[in-house]
Amino acid sequence: MGSDTTTGKAEHEAPLSLWGKVLRELKEWAVTLAVFIPLFFLFSMIFYEQRVIPSESMVPNLRVGDRVAVSKFSYGYGRYSIPWGIGRWLPLGDGRIFASDPERGDVAVFMHPHFNRVMIKRVIGLPGDRVVFRGEQMYLNGEAVQTDFVRTIRYVAHDPRGPRLSSEYRETFGDRSWLIHQYDDRGRLDNTFEFVVPEGHLLFIGDNRDNSTDGRETTGHCSPVNGVIDRAGCPLDPRIDAERASIGFVPMDHLIGRADTVILSFYRCRQEAGTECLSGRLWQGL
């Protein structure tokens, strides 16, 4: 009878040492990661990527700790579509391919025009729009935006200042609406210059109106002329640190994607007497 050389070889193999087992395990992990990371990178660049909400600027619709799915194909692809910020180091130039412009009311993710920080805000002003605030009321192209009171809520904000009493409103643009918060009747952004959005740019505003550094701030804009800000691309005032500048008007090619869904919320709230916690979410659309 013939001998089974394969079996014989296996029976006489010396057992691996601990170091040999570690090397084998590391090799298997290296092969797995070499396949998984490029696939994950491509998926994050072409389809969806996850972003974690770091601030309260979009309360009540987004809370600190929310994990948000960002659709990368919604607005087309540019240098900032590449995950992990790699695009800013590549000589790709400006512009987008397969470009599609946002709609008013979209919650969009974009790169801050003045320094390397990813932002998330709501699209309010489209190219050519005129936006101004008077006594907390927003006016779009000369008409007051419909704003309906919903309730008063007292909750513990994600900062050391303790409980906050906030008025919640529903803001409506055509057939789209969303909730906003106002908590300061004398907020510094309740009355603004008039913003005329230049071609190829957008005006972004946070839903937490008294706790959002956004397009209403003047530090990232060109200087107003006769109470109107309608230009983009001016150099920052040398007295202003880029990291402290507002976003100003955001160029279209700075878009990263549209925030579509809260995948999972790790929002935590400290309950106190007379307060309520904003509810967490699981797979909830925006």
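Which residue in β7 is the bridge partner of Y139? The partner is A144. This is a predicted model, in which local features need pLDDT of at least 70, side-chain atom pairs count only at pLDDT 80 or more, and totals for chains, interfaces and linings use all residues. Residues are numbered from 1 along each chain as its sequence is written, and side-chain values use heavy atoms, with hydrogens and water left out.

Start with the whole protein. It holds two helices and 16 strands. Helices (H or I, at least four residues) and strands (E, at least two) are DSSP runs, numbered from the N terminus. The C-alpha trace spans about 100 × 55 × 40 Å along its principal axes. The radius of gyration is 25 Å, while a compact globule of 286 residues would have one near 19 Å. That radius is taken over C-alpha atoms, and the globule rule is 2.2 Å times the number of residues to the power 0.38.

Next, cover and contacts. Of the 286 residues, 43% count as buried. Buried means under 20% relative accessible area, exposed over 50%, and partly exposed in between (1.4 Å probe, protein chains only). The accessible surface comes to about 15900 Å², and carbon and sulfur atoms own 56% of that surface. Areas come from the Shrake-Rupley method with a 1.4 Å probe; for residues, only the protein chains shown count as cover. Contact means heavy atoms within 4.5 Å. Among contacts between residues at least 6 apart in sequence, 64% join residues at least 24 apart.

Strand β6 (residues 137-140) runs antiparallel to β7, and two bridges join them. Two strands pair if DSSP finds at least two bridges between them. The open sheet has five strands, in the order β7-β6-β5-β11-β13, with mixed pairing. Its edge strands are β7 (143-144) and β13 (228-229), each pairing on one side only.

Turn to strand β3 (residues 107-111). Five of its five residues are buried. V107, V109 and M111 point one way, while A108 and F110 point the other way. β3 pairs with strand β4 (residues 118-125) in the antiparallel sense, over five bridges. The two form a hairpin with six residues between them. Within this pair, A108 stands opposite K121. β3 also runs antiparallel to β15, joined by three bridges. There, F110 has L255 as its bridge partner.

Follow β15 (255-265) onward. T275 lies in the loop between β15 and β16 (282-285). Why does T275 count as buried? Its relative accessible area is 10%. Beyond residues up to four places away in sequence, T275 touches R154, Y155, V156 and P163.

Y155 sits in strand β8 (residues 146-156). Its relative accessible area is 0%, so Y155 is buried. Leaving aside neighbours within four places in sequence, its contacts include E56, V59, H181, N208, T275 and L278. Y155 and L278 are 123 residues apart in sequence, yet 7.5 Å apart in space, C-alpha to C-alpha.

Finally, look at the surface. W29, found in helix α2 (residues 18-46), is exposed because its relative accessible area is 52%.
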